[in-house]
Amino acid sequence: MIRIMIVDDMPIFLEYLKGCLDWNQYGFEICCEAKDGREALEKIPEYYPDVVLTDITMPYVNGLELADRIVKDYPNISVILITGNNEFEYARRAVKIGVCDYIVKPFEKQELLLSLMKLQDNINRAQELEKKELREEKMETEDVARTILYSRDQGEVARATEKLAFPGKSFLVCGIQFRANEAQDMELLSNWETVIQDMLSEMIEIDGKFIVFRDYESHIIIVLNFENETEAKGYMGYEFTDLIQIVRNQLSLETSIAISEIYNDASMIRNGYSKVLQTLRIKGPGQVWDCRKREYDRATVDRENEANNNTLDIISAIIHDLHTGNEKQLLEDIDQAWDRINNKNITAPISEEGFASAILSILLTDIITAGLSLKALYGENLKPEYFVASAANTEERKERIKELFLKRLAFGKEGNAEESDDAIQTVKSYMEANFSDPALQISDMVNLVPMNQTYLRKLFKEDTGMTLNEYLTKLRMEKAHSLILETEDKLSDVAESVGYMDVSYFSNCFKKYYGTSPKSLRG
């Protein structure tokens, strides 16, 4: 767990901070609290938190003074300042001298969560700590929901709809798309999408049922089920407006959100999904696009639905080919899709560039979900998105898409248990040989195996019962314990020999691990 100290001189706000989030769900725990900076400085050596969340205005030692001391004396502890509008400038300056982040009162609890997740390696650590049973349950629900969107077998769709047990008669389908920039790491973006998906499940409040899941293009999809059409019409979607602002402020990501028209039959969810995809593809970021507010001509709607569903059928076929590993059929389906989209006699709701982007997103989502490393598949310097976007013409774009898909199929689907065991053993051996290196990073270990970081972390936790960081700490602490008892080396030398350049930080880590200081072992 990621340990958090909260510091505030107002008991009511301390209680609010403790209760505003389900901390454990996201891999956090409140390890201690303090009523001012002086008390916080007394408690840090005892509890040694990973993060200090502190108000600015407090007696004795204020938040800015506390942050300054922590930055200088405890460089491995992250600090987030909680500030009022009148202290905003101070907080902004504090960031320049080493404070990690600040949030301004009043704030949404989701802002606090994203701010905490940004620190150090917290987003990856939180994913690593997710319970296997909960992850498997979530994946099963997502598979059922995706069947409704993609399957062309009406019996399959009916069974999936029955399994989700919607109690109401009216439905809205909502879709969320994040606009990544060139520097955005796809795996990291996928992790953020997972966190935001969980956040939304807490933000949405309706009289009815809803499910939140991701499609194969990595959109977040929400199906809202209401008792009747009146309730569906009255749904305002304020949480989506809030989400756009929070994600822009905290993650610098632009967000597009679309809400479908109302459907009074679960069999029409696929139509709603098609409409949402079309809206997301043609509308710019930063707004909620609500299809309920548009006047529709019935004939136009029917034509649009037919065109949307034809495109979705093509995409569904490509997804099926990818999942079954059918190389010949995959290439034929991509050729057929290109011919259809570029046929001027057929109405297509998506451009050829948009279609290329859609199926590329499906490919990248598949790779990340399977736990594979994009670098292992495509090399250090090839970024699939820009490899496709930089094609000189439509034919070259199609051939580049095919090349990327073929490399994925050649690499194979998810590795077998033996390959996973080999990967875990490789990482263990590397840590055992290199734990004395203070510059050792988790990313160094990820590069040893053809897995992405998130998948490796989960496999390692399931295999050993420890996170990668916990296992590295175990190796270092056990070796330090042995050196302290069996040699007369100075503590500073012991610390350095197990990867710690700062002896006081080493002593705090040792005490946190063993419950006693290294000095006390020598009497």
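**View 1. Asp36 sits at the start of helix H2.** A side-chain oxygen of Asp36 comes to within 3.0 Å of the backbone nitrogen of Arg38. The model is predicted: local features need pLDDT of at least 70, side-chain atom pairs count only at pLDDT 80 or more, and totals for chains, interfaces and linings use all residues. Residues are numbered from 1 along each chain as its sequence is written, and side-chain values use heavy atoms, with hydrogens and water left out.

**View 2. Helix H2 packs through its buried residues.** H2 spans residues 37–47. Helices (H or I, at least four residues) and strands (E, at least two) are DSSP runs, numbered from the N terminus. Gly37, Glu39, Ala40, Leu41 and Ile44 are buried (under 20% relative accessible area; exposed is over 50%, partly exposed in between; 1.4 Å probe, protein chains only). The buried residues of H2 pack against strands E1 (2–7), E2 (28–34) and E3 (51–55), and against helix H3 (63–73).

**View 3. Tyr48 follows H2 with a positive phi.** Tyr48 lies in the loop between H2 and E3. Its phi is near 40°, and the residue is not a glycine. Tyr48 is buried, at a relative accessible area of 4%.

**View 4. Ala165 also has a positive phi.** The value is about 50°, again without a glycine. Ala165 belongs to the loop between helix H8 (154–164) and strand E6 (170–179). Ala165 is partly exposed, with a relative accessible area of 47%.

**View 5. Lys105 and Pro106 are joined by a cis peptide bond.** Omega is about -10°. Most peptide bonds are trans. Pro106 is in the loop between strand E5 (101–104) and helix H5 (109–118).

Conventions: Contact means heavy atoms within 4.5 Å. A polar contact is a pair of N or O atoms within 3.5 Å; within protein, one must be able to donate a hydrogen and the other to accept it, and residues adjacent in sequence count only if both atoms are side-chain atoms.
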